[in-house]
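We will go from one stop to the next, and at each one you will find something to select.

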Amino acid sequence: MIVLLCILIEWFWRESTAKGYDLRGAGASILVGIGNAISGALGALVFGGVFALTSRLAPIHWPMRDWRVWLVGFVAVEFVYYVHHRASHHVRWMWATHAVHHTPEQMTFLSALRLGWTNVLSLGWLLYLPLILAGLPPFMVIALLAFDLHFQFFLHTEAVGRLGPLEWVFNTPAHHRVHHGSNAAYLDCNFGGVLIVFDRLFGTLRTEQPHEPLRYGLAHPLGTLHPLKLVFGEWHRLLKDLRAAPSWSKAIRIAVGRP
Ligand SMILES: [Zn+2]
Ligand SMILES: [Zn+2]
């Protein structure tokens, strides 16, 4: 209900300003979002199963009832999410899935739904296995990740300005807008989920500069709003390059190299 209200208020707000509302882009985001929900449920069976099996190997199991375990788990999941998101921008095999989320050329709440369908294939979820081996319950890791994802819905808007001291610790719409900037000055920054502190720690935090207005979308746009082309566009580019590679070792270097 809150989500629907946010989308409607933002729509009216954008129409009442010069910004306008890209209805075709919004439709594409909804269709890609439905596919993401279905593929996400199937994917959760795969990585949920692997998490459960890995949990059996953990030498210690931290109790879910203890709020301190949730607190440590939250910070740990936020850290791994930061690494996962940063890797998704630096490794082509992972970018092929994540690029879908960077295709919207308008920053609206609905663009948050434009998420890839191939997370299982891109293997980023393997990065969370050390947390399971360290004894965090798989349910906790998945619940904290789900919270992180839902929180990020509210970051995708131009309707909210700077949020003062909240911006020191938390990821905010202003931080996340810069993450979606395709200008060279804004590429590869602000990878945090709920927290922005790891960007501060590892030097990847950037803020919007007055002389460099944000441009959203991919640096090399796919030029389509067809949901299937949005979802598989980067995979298509990657597979073309892999096929053209003269050797297996060169192909592997392309797959793990930078986008
Ligand atoms: Zn990203
Ligand atoms: Zn985003």
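**Stop 1: a pair of crossing helices**

Select H2 and H7: their axes come within 9 Å and cross at roughly 140°. Axes here are lines fitted to C-alpha atoms, for helices over the stretch in contact, with angles running from 0 to 180 degrees between N-to-C directions. H2 and H7 are therefore oblique to each other; angles under 35 degrees count as roughly parallel, over 145 as roughly antiparallel, 65 to 115 as roughly perpendicular and the rest as oblique. Now show side chains for Gly-48, Phe-51, Ala-52 and Ser-55 of H2, and for Pro-138, Val-141 and Ile-142 of H7, which make the contact (two residues are in contact if their C-beta atoms, placed from the backbone, lie within 7 Å).

A word on the ground rules: this is a predicted model, in which local features need pLDDT of at least 70 and side-chain atom pairs count only at pLDDT 80 or more, while totals for chains, interfaces and linings use all residues. Residues are numbered from 1 along each chain as its sequence is written, and chains are lettered from A and ligands numbered from 1 in the order in which they are written.

**Stop 2: along H2**

Select residues 23-57 to see the whole of H2, which has 35 residues and spans 49 Å from first C-alpha to last, close to the 51 Å expected at 1.5 Å a residue (that is, 1.5 Å times one less than the number of residues). Helices are DSSP runs of H or I with at least four residues, numbered from the N terminus. Centre on Gly-43, where H2 bends by about 25°; the bend is the angle between axes fitted to the seven residues ending there and the seven starting there.

Next, colour the buried residues of H2, among them Ser-29, Val-32 and Phe-51. A residue is buried if 20 or more other C-beta atoms lie within 10 Å of its own, exposed if 12 or fewer, and partly exposed in between. Their cover includes H5, H6, H7 and H11.

**Stop 3: Arg-114**

Move to the loop between H4 and H5 and pick Arg-114. Is Arg-114 buried or exposed? Arg-114 is buried, because 24 other C-beta atoms lie within 10 Å. Beyond its neighbours within four places in sequence, its contacts include Ser-29, Val-32 and His-101.

**Stop 4: two positive phi angles**

Finish with Leu-123, in the loop between H5 and H6, and Asp-188, in the loop between H9 and H10. Leu-123 has a positive phi of about 70°, and Asp-188 one of about 60°.
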